[in-house]
Amino acid sequence: MAVNPNSIVALSELLKPPGDDNESSDEEKQSTKKGTAALTPGNIGPLGGSPKEKQGTCSDIWTEEEVPKGKFTEDEFDPRPAPEYEMVFKQAITSEDMYLQMSGRNPSTASCEDLVIKIKLPDTEYSEVNLDVTDTFLDCRTPKYKLGLHLPHRVDSKNGKAQWDKSKQLLTVTLRSVREYDFLSR
């Protein structure tokens with residue numbers, strides 16, 4: 001492929017910094033005569049002013065309108081601490097999966113069917129535990145502890161199960177994962 005010298009000159013003109021021009025193009029001369037600055041990549045964006053002008057001097061990332069309201073917001077006046085918990089992904093594998101590796105499963109969380117959450121609730125009785133699970137959130141409350149946990153992906157909240165171990169004072173919640181493209185990995 002032969003390189004045209006005119007194309008190299010044109011490319012160098014395009015890449016020239018805005019303040020480093022001894023020879024200005026006709027469009028730049030006309031725009032500076034009219035009192036407007038030449039267009040630069042910094043000018044690209046929404047019309048009607050910069051985002052900083054719209055937000056004022058606020059350093060917040062989101063406005064109040066952008067934050068969803070719901071029952072899962074943190075209550076800063078509730079002094080109960082969050083209990084210790086562990087989130088584990090679980091696979092249902094067979095001997096064919098282990099030794100012959102015929103199903104195409106791997107140890108990643110993409111091949112896991114269940115999400116298991118183990119919550120340690122010391123000095124708590126089973127009757128004091130209030131558990132509410134939705135497809136994206138787990139809410140566990142006792143007189144001494146509260147836990148609001150956003151789940152890493154959607155689950156089938158209607159068919160989950162919870163098990164209380166009195167000797168360890170451990171609540172184990174098992175939830176079936178619901179992912180849009182699970183049929184590809186199974």
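**Entry 1: terms and source**

I began with the pairing rule: two strands pair if DSSP finds at least two bridges between them. I also noted that helices (H or I, at least four residues) and strands (E, at least two) are DSSP runs, numbered from the N terminus. The model is predicted, so I kept in mind that local features need pLDDT of at least 70, that side-chain atom pairs count only at pLDDT 80 or more, and that totals for chains, interfaces and linings use all residues. Residues are numbered from 1 along each chain as its sequence is written, and side-chain values use heavy atoms, with hydrogens and water left out.

**Entry 2: the sheet 1-2-7-6**

I traced an open sheet of 4 strands in the order 1-2-7-6, with antiparallel pairing. Its edge strands are strand 1 (85–90) and strand 6, each pairing on one side only. Neighbouring strands here are turned by 20° against each other on average, direction ignored; the axes are lines fitted to C-alpha atoms (for helices over the stretch in contact), and angles run from 0 to 180 degrees between N-to-C directions. I then looked up strand 6 and strand 7 (residues 170–177), which are joined in the antiparallel sense over 7 bridges. Lys-161 has Thr-174 in strand 7 as its bridge partner.

**Entry 3: the sheet 3-4-5**

I found 3 strands in an open sheet with the order 3-4-5, again antiparallel. Strand 3 (130–133) and strand 5 (146–150) are at the edges with a single partner strand each, so one side of each lacks a neighbour in the sheet. The twist from one strand to the next averages 5°. Strand 3 and strand 4 (residues 137–141) run antiparallel and are joined by 4 bridges. For Asn-130, the bridge partner in strand 4 is Arg-141.

**Entry 4: the whole chain**

I counted 5 helices and 7 strands in the protein chain. From the N terminus, their order is α-α-α-β-α-β-β-β-β-β-β-α. Of the 186 residues, 20% count as buried (under 20% relative accessible area; exposed is over 50%, partly exposed in between; 1.4 Å probe, protein chains only). The chain exposes about 14900 Å², and carbon and sulfur atoms supply 54% of that area. The areas come from the Shrake-Rupley method with a 1.4 Å probe; for residues, only the protein chains shown count as cover. Among contacts (heavy atoms within 4.5 Å) with a separation of 6 or more, 54% are between residues 24 or more positions apart.

**Entry 5: Leu-115**

I placed Leu-115 in strand 2 (residues 114–120). Leu-115 is buried because its relative accessible area is 0%.

**Entry 6: Ser-157**

I looked up Ser-157 in strand 6 (residues 155–165). At a relative accessible area of 18%, Ser-157 is buried. Leaving aside neighbours within four places in sequence, Ser-157 is in contact with Val-133, Thr-134 and Asp-135. The side chains of Ser-157 and Asp-135 make a polar contact at 2.8 Å. For that term, a pair of N or O atoms lies within 3.5 Å; within protein, one must be able to donate a hydrogen and the other to accept it, and residues adjacent in sequence count only if both atoms are side-chain atoms.

**Entry 7: cysteines**

I found 0 disulfides in the structure (a pair of cysteine sulfur atoms within 2.5 Å). Cys-112 counts as buried because its relative accessibility is 4%. Cys-140 is also buried, at 2%.
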